[in-house]
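Thanks for asking me to look this over. Here are my notes, to be read with the model open beside you.

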Amino acid sequence: MFHKTFVLLCSLIVTAGLFSFSPVDPQPQTPKKKAVRTIIIDAGHGGKDPGAKGLQSTEAQICLQTSMLLGQEIERQIPGVKILYTRTTDVLPGNMPTKDEALRYRADFANQSAADLFISIHANSAGKAPGGWNERRVAGYTEKVTYKKVKGKKKKVVTKVPYYETHYVVNKTAGTETYIWTAKENSHKGEMVSGHEASSEEDSSITIPDDDPAINALKLIYTKKYFLKSLRFADLVQQEFARSGRINRGVKQRNEKGIWVLHATGMPSVLIELGFISNKEEEEYMLSGSGQNEMVANITSALKTYLQEFGPTPAQPAGNTEAPSKEGTGLTGFLQAIEQKEKNRGGK
Ligand SMILES: [Zn+2]
């Protein structure tokens with residue numbers, strides 16, 4: 001119930017926003033107003049789903065802090081952009097009771113908002129213990145002598161018993177990676193789009209049914225329309241991170257269920273793994289004011305370039321009371337370019 005009310009509320013907000021940016025213009029052919037761009041910022045996890053755990057924080061905390069800062073910075077630096085958040089407090093989005101429902105809510109929220117871009121913020125984990133762990137290894141063997149009775153006779157039995165030493169293994173996997181969704185059948189978890197090794201996040205085991213015809217239709221549309229834009233933005237984000245000296249693990253693609261939210265959104269979408277919460281230094285970086293400011297600056301700068309490249313969405317004609325249609329906006333040229341590219345590649 002809360003969900004429906006919230007979605008309705010969001011639709012009303014979006015509609016109100018459109019009206020406010022679509023005044024009756026005496027010269028509609030020379031619109032002076034900046035086009036509205038709606039960007040969804042999705043802080044991963046939340047509430048009962050803390051995501052990966054670090055030594056001193058959870059992924060959900062880092063996602064929320066960085067997402068809120070990111071939204072503020074984008075609004076400050078890029079006029080005409082409207083930011084919507086899937087969550088602004090430590091709850092599952094829409095106050096949903098389960099991770100799966102929250103994931104669906106995220107996608108529904110984005111689609112209801114007719115947004116232009118969906119940015120999901122996460123932190124990675126290399127598994128095992130955050131920071132590091134003690135590992136036992138065999139240091140040598142001792143002989144243990146025991147006796148057992150065989151047919152009434154005492155028999156000496158010598159067995160080799162290993163002895164162990166403990167050493168500390170630093171959980172040192174680090175760096176940032178950005179995911180886009182792919183519909184390619186042969187794409188496995190963490191498959192690379194460009195360079196660098198694969199990794200996996202702990203929390204990718206979300207079970208959204210994938211056999212829904214509506215979802216399958218969305219996948220096709222997604223692949224056709226939004227893949228290249230998503231790829232471009234993801235690449236720009238990674239470039240900016242690298243420019244700040246972060247380890248660039250590259251743009252990757254997944255088609256597993258954990259990234260369901262990306263293809264279920266009718267818009268370009270990326271999932272940014274800010275860094276490894278399982279790495280002590282990187283967790284500290286992601287929790288620090290300077291670290292958060294730097295990551296936010298990186299993503300904002302990537303967004304500026306992305307918006308410049310793809311040009312402004314033309315303002316809605318005056319008096320238009322309908323929600324903006326993706327086909328009818330500035331995406332058209334880009335979509336034609338994608339189709340052309342697909343033709344050139346021998347696709348349909
Ligand atoms: Zn996550």
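1. First, some housekeeping. This is a predicted model, in which local features need pLDDT of at least 70 and side-chain atom pairs count only at pLDDT 80 or more, while totals for chains, interfaces and linings use all residues. Residues are numbered from 1 along each chain as its sequence is written. Helices (H or I, at least four residues) and strands (E, at least two) are DSSP runs, numbered from the N terminus.

2. Start with helix α8, residues 289-310. Its 22 residues reach 31 Å from first C-alpha to last, close to the 32 Å expected at 1.5 Å a residue (the expected span is 1.5 Å times one less than the number of residues). Buried residues of α8 include Gly291, Met295, Ile299, Ala302 and Leu307. A residue is buried if 20 or more other C-beta atoms lie within 10 Å of its own, exposed if 12 or fewer, and partly exposed in between, with C-beta atoms placed from the backbone.

3. Which face of α8 carries exposed residues? Gly289, Ser290 and Gln308 are exposed on the face turned away from the buried side. Among the elements covering the buried residues of α8 are β1 (37-43), α2 (59-77) and β9 (269-276).

4. Helix α3 (residues 99-112) is mostly covered, with ten of its 14 residues buried. After α3 comes Ala114, whose phi is positive, near 50°.

5. Now the core. The largest nonpolar core has 60 residues, of which Ile39, Ala115, Ile119, Val237 and Val270 touch the most other members. α2 gives the most to this core, with seven residues. Such a core is a set of buried Ala, Val, Leu, Ile, Met, Phe, Trp, Tyr and Cys residues joined through C-beta atoms within 7 Å.

6. Do zoom in on Ile119. Leaving out residues up to four places away in sequence, Ile119 touches Ile39, Ile40, Ile41, Asp42, Val270 and Ile272 (contact means C-beta atoms, placed from the backbone, within 7 Å).

7. Finally, two lysines for a backbone check. Lys128, in the loop between β3 (117-124) and β4 (132-150), has a positive phi near 55°. Lys128 counts as partly exposed because it has 14 C-beta neighbours inside 10 Å. Lys151, in the loop between β4 and β5 (153-170), has a positive phi near 50°. Lys151 counts as exposed, because it has 5 C-beta neighbours inside 10 Å.

Key
Contact = placed C-beta atoms within 7 Å.
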